[in-house]
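Visitor: Please take one part of this protein and examine it closely.

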Amino acid sequence: MNNGTPAFESRYAAALRGHVAGGGEASLNAAYELGREALASGVGALEMAALQHAALLAVCQEAGIPEKFGAILRAAEGFARESFSPFEMAHRGVSDANSALRRINEILEEQVQRIARELHDDAGQLLASVHLALHEVGRDLAPSSRQRLKDVRGLLDRIEEQLRRISHELRPLILDDLGLVPAIQFLGDGVSRRAGIAVIVKGSTEERLPPVVETTLYRIVQEALNNAARHAQASRVTITLLHEDGLVRCSIRDDGVGLPPAAKGTRQGGRGLGLIGIRERIAPLSGTLEIQSGERKGTELLVTIPLETIRA
């Protein structure tokens, strides 16, 4: 138990003592903050149950409650620990699965980054070599054939532009260099040009976020913009970022046709599959996804990620 120190136990007992003495809302807030601190430190349900019983026993003894009640509390502690054991095992299993999924996502991002760099660097160098070779060939061609060669160069320019775009969308260097907001603005500009959708980016993260959070939010916005362009018949998408109280929130709202009820459950359609992917991305970060949508009223996705468990 990382937070099972005498100091933490003393603070917990003091908070419980204050609540029993009529601390009201302030003591409940203190209990909530202690719970958040314990969770961020990896404290399990059984450890919290033991801590609660120890603190309660101390409060009872201070109040002069007869020893027989103390014996009852100690017996109840053992009973409670056993009853909490299945929950503890389930919690640990989910935690381990989320850690594995997070690592898989990190490996996939590393591979995507490698592919993006190879597309940008290796393919770019190869195309430059082709341009040089065509230039040499053009010297020996008759003027009537040079227009055809010019057309070929135009096709190569389009290929180069497409490769550059794919490389940036696979893993934009701007995300690593400048952070989440500039990367989303760059992404939104590209979607606006290709799909004719107005993309507005508002808010700020105030500071650089952990890389895994920036990457996750970038991928979620990317998926949401793709959904808006392909399925929502939207003309406008507003992306709002907010960082406060140890949480980062990202809202993606469009003015499209809205989600059918089945898609909200992530079971049908391309948009449903996209929502499954979003949930799978935020699960390892203990994030949440809220969906607000109505027919012809557009859709809002609200993603919330707590930073304390990631930085701990």
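Visitor: How does helix 1 cross helix 2, and which residues make the contact?

Guide: This is a predicted model, in which local features need pLDDT of at least 70 and side-chain atom pairs count only at pLDDT 80 or more, while totals for chains, interfaces and linings use all residues. Residues are numbered from 1 along each chain as its sequence is written, and side-chain values use heavy atoms, leaving out hydrogens and water.

Two packed helices are described by the angle between their axes and the distance between the axes. Helices here are DSSP runs (H or I, at least four residues), numbered from the N terminus. Axes are lines fitted to C-alpha atoms over the stretch in contact, with angles from 0 to 180 degrees between N-to-C directions.

The axes of helix 1 (residues 6-20) and helix 2 (residues 24-40) come within 9 Å and cross at roughly 155°. Helix 1 is therefore roughly antiparallel to helix 2, a term for angles over 145 degrees. Their crossing is left-handed: the near helix is turned anticlockwise from the far one by less than a right angle.

In contact (heavy atoms within 4.5 Å), helix 1 contributes Phe 8, Arg 11, Tyr 12, Ala 15, Gly 18 and His 19, and helix 2 contributes Gly 24, Ser 27, Leu 28, Leu 34, Glu 37 and Ala 38. By class, this contact has six nonpolar, four polar and two charged residues. Nonpolar covers Ala, Val, Leu, Ile, Met, Phe, Trp, Tyr, Cys and Pro; charged covers Asp, Glu, Lys and Arg; the others, Gly among them, are polar.

The protein as a whole has 11 helices and five strands.

Key. Helix = DSSP H or I, 4+ residues; strand = E, 2+ residues; numbered from the N terminus. Parallel < 35°, antiparallel > 145°, perpendicular 65-115°, else oblique.
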